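Hi,

Here is the structure I promised to pass on to you. Have a look at it first, and then read my notes below.

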Amino acid sequence: MASSFSRILTTRRKIGLLSAVGGSVTAGFLMHREHVKAGTPVRRSYPASAEYPDLRKHNNCMASHLTPAIYAKLCDKATPNGYTLDLAIQTGVDNPGHPFIKTVGMVAGDEESYQVFGDLLDPIIKERHNGYNPQTMTHPTDLDSSKIHSGNFDPRYVLSSRVRTGRSIRGLSLPPACTRAERREVERVVVDALAGLKDDLAGKYFSLTQMTDADQQQLIDDHFLFDKPVSPLLTCAGMARDWPDARGIWHNNENTFLVWVNEEDHTRVISMEKGGNMKRVFERFCKGLKEVERLIQERGWEFMWNEKLGYILTCPSNLGTGLRAGVHVKLPLLSKDPRLSKILDNLRLQKRGTGGVDTAAVGGTYDISNLDRLGLSEVQLVQTVIDGVNYLIECEKRLEKGQDIKVPPPLKQFK
Amino acid sequence: MPFGNTHNNFKLNYKVEDEFPDLSKHNNHMAKVLSKELYGKIRDRQTPSGFTLDDVIQTGVDNPGHPFIMTVGCVAGDEESYEVFKDLFDPIISDRHGGYKPTDKHKTDLNFENLKGGDDLDPNYVLSSRVRTGRSIKGFTLPPHNSRGERRGIEKLSVEALTSLDGEFKGKYYPLKSMTDAEQDQLINDHFLFDKPVSPLLTCAGMARDWPDGRGIMHNDNKTFLVWVNEEDHLRVISMQKGGNMREVFKRFCVGLQKIEEIFKKHGHGFMWNEHLGYILTCPSNLGTGLRGGVHVKLPKLSTHPKFDEILNRLRLQKRGTGGVDTASVGGVFDISNADRLGSSEVSQVQLVVDGVKLMVEMEKKLEKGEAIDSMIPAQK
């Protein structure tokens, strides 16, 4: 179904574009970061100083960087789609945060947000991503899984392996700002493309609005079903609007490759399997992503990406690779060692409970994954996880034998 | 989330059927009225402050409702919403307010002396009496839409007005964001403190944004007159006391409201009101008087009588548990209040409560004596 936008595609990495097929060719924008026009100025009956939020009790990246001067400069700007600064920071205003946990506190409503609100987002990105400076640095993208080595863990320790990322469809607004029509367009484009996957990637789409009880139960049992967001970090950013319209889950028949449509990002792409074969998980991940990209490009679409910020996603914390590669690993002895935090830190890894973010570890089994997202490539990050987990398993084995362990030296940052 | 009109213009590039919400599983007033044709007809409109159709209906789209409880499913973002989107609001208002027509006029009567009786409800049965309403301040947009600057402006004006009251209305304002722990505990113990809205009916309409900025509570020293600032409406005004002297509660209510209105008018910001819809509030269900006058009353026998609901219906009253809306009654004690808001005056609504509760207490006494009450069952009011 054609809409009335005309869209000119950029070329990236010299990938040629096939001519449009089918009915879902629509149009978009020419993306040059330097030349994005701001939209019509915002209605203002009060001066910026009267509108500046009270952030004195707040602990998030937005609150750390939103000075009254920056607010005054940006508060009457809007992206071409009409997304404003107040909309972008609302989640951070409504969620003051926790003294121990520093959330980001703002979101992007569209690709242009990162430029129109760059004066605020650039310092936030720098803080969140270890000094990465979008104005001077470039982000490497590398989805060549053949470069991975030693990616098959001891299954006595590693219970499962998983890699996830997100992808946004260029030309359509992101979940905080998208209209119902745009969200439905995202669903159409993605589901269309996924239907073209074959062999071990062939699968099926389950729309949340039309799910049968039987399908729902199966998806819950497989631990695939995602629910309406309840976290105020997401709801205050408007990401749950119109639920469950145009939301759904696609997975391959083998239950090892999964795509969420229109949850926190346009798409979340997950490759996973039981056991420790992270290399295979990453191979499938890269293959699936490249296939999906090829299929959407055939239809005249592409992913949001640029060489400064890598893949563009809703939350600034997921820029770059948007990648979290992790394992569930049994480390009962190491989990009691007070040096664990330092070891993880130096390996650029983070631990979570096996219930996911903000859960506790059960019986010494942890979710271990990469800390970083931006400034390092997918291959680099996954290799970091592999090397790190191998080191942790070595530590555990040493402790089993009553030997001592060493805290490794800190890994070199991208700087 | 109030996106405003720049975003709305961008939306118009998409066809109606692509933007029209899926309301097939919905049970609320908005879903009943909003056809694809109506959506197409009014989606390009905006109020002067930039409130759009999607802003109006977002809460109803996000909250499909319950088969047994019909919520409204839309809100106003400013005074003009009711005019600009009248094609949507008029049928909803008619459905919700007993067939009220676009040409009908609403009578406002805050002259407490017009109330007959009401000072002699038996305190052995009537434990407490309360009247509440809301008021919106002209010149400002409403909670779903207002900016931080506006909300602070409303608070500033309200605090000036409220802290200048004297006599029995003399009191103090407690801003939510600088409340001490001691003050907070006291307000909780007095059952005065309101909390950040958690109901998705309110949060999906954007009413909890920037909490607790610009929000607060004023109450008089006697703790019988209370005003909430910037919760679900600009102002919620409450008069209450223990016992059955509804007349006194209503007098305080009327006098207090009129005093407050005078002060706001002096500053050039009277209350939002017109002769068709009465007092303009955020939710269409509160138009007219916005008044809920009620008592906590012990009716253990009457409440189990098979005709209890019918009696309430005929008396134009509704029952709630003593925890408020959507709670169950405890020990046969009910919250009984007027069902109507629009199309009848404050005095007449409180009169219905006073007369109706008096009658029901008499019925309760009869049932205690083992006598029948069939002859007492009233005609439809």
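A:Pro244 sits in the loop between helix H9 (232-235) and strand S3 of chain A; helices (H or I, at least four residues) and strands (E, at least two) are DSSP runs, numbered from the N terminus. The peptide bond that joins A:Trp243 to A:Pro244 is cis, with omega about 0°. Chain B has a cis bond as well, from B:Trp211 to B:Pro212, and there omega is near -5°. B:Pro212 is placed in the loop between helix H10 (200-203) and strand S3 (216-220) of chain B. Another backbone spot to look at is A:Arg348, which is not a glycine but has a positive phi, near 60°. You'll find A:Arg348 in the loop between helix H11 (340-346) and S9 of chain A. For background, most residues other than glycine have a negative phi, and most peptide bonds are trans.

Before you go further: this is a predicted model, in which local features need pLDDT of at least 70 and side-chain atom pairs count only at pLDDT 80 or more, while totals for chains, interfaces and linings use all residues. Residues are numbered from 1 along each chain as its sequence is written, chains are lettered from A and ligands numbered from 1 in the order in which they are written, and side-chain values use heavy atoms, with hydrogens and water left out.

Now the sheets. In chain A, eight strands make an open antiparallel sheet in the order S2-S3-S4-S5-S1-S8-S10-S9 (two strands pair if DSSP finds at least two bridges between them). Strand S2 (203-207) and strand S9 (349-352) of chain A are at the edges with a single partner strand each, so one side of each has no neighbour in the sheet. From one strand to the next, the twist averages 20°; axes are lines fitted to C-alpha atoms, for helices over the stretch in contact, and angles run from 0 to 180 degrees between N-to-C directions. S2(A) and strand S3 (residues 248-252) of chain A run antiparallel and are joined by five bridges, with A:Ser207 opposite A:Gly248. Helix H10 (residues 278-298) of chain A lies across several strands, including strand S1 (158-167), and runs at about 20° to S1(A).

Chain B also has an open sheet of eight strands with antiparallel pairing. Its edge strands are S2 (171-175) and S9 (317-320) of chain B. Further in, strands S1 (residues 126-135) and S8 (residues 292-298) of chain B pair over six bridges, and B:Arg132 stands opposite B:Arg292.

How do the chains meet? 46 residues of chain A are in contact with 39 residues of chain B, where contact means heavy atoms within 4.5 Å. The rule finds three salt bridges across this interface (a side-chain nitrogen of Lys or Arg within 4 Å of a carboxyl oxygen of Asp or Glu). B:Arg148 and A:Asp86 meet in a salt bridge, at 2.8 Å from N to O.

Over all chains, the structure holds 55 salt bridges. One of them pairs A:Asp192 with A:Arg299, with the closest N and O atoms 3.2 Å apart. A:Asp192 is in helix H7 of chain A and A:Arg299 in the loop between H10 and strand S6 (305-306), so this pair ties together parts 107 residues apart in sequence.

Cheers
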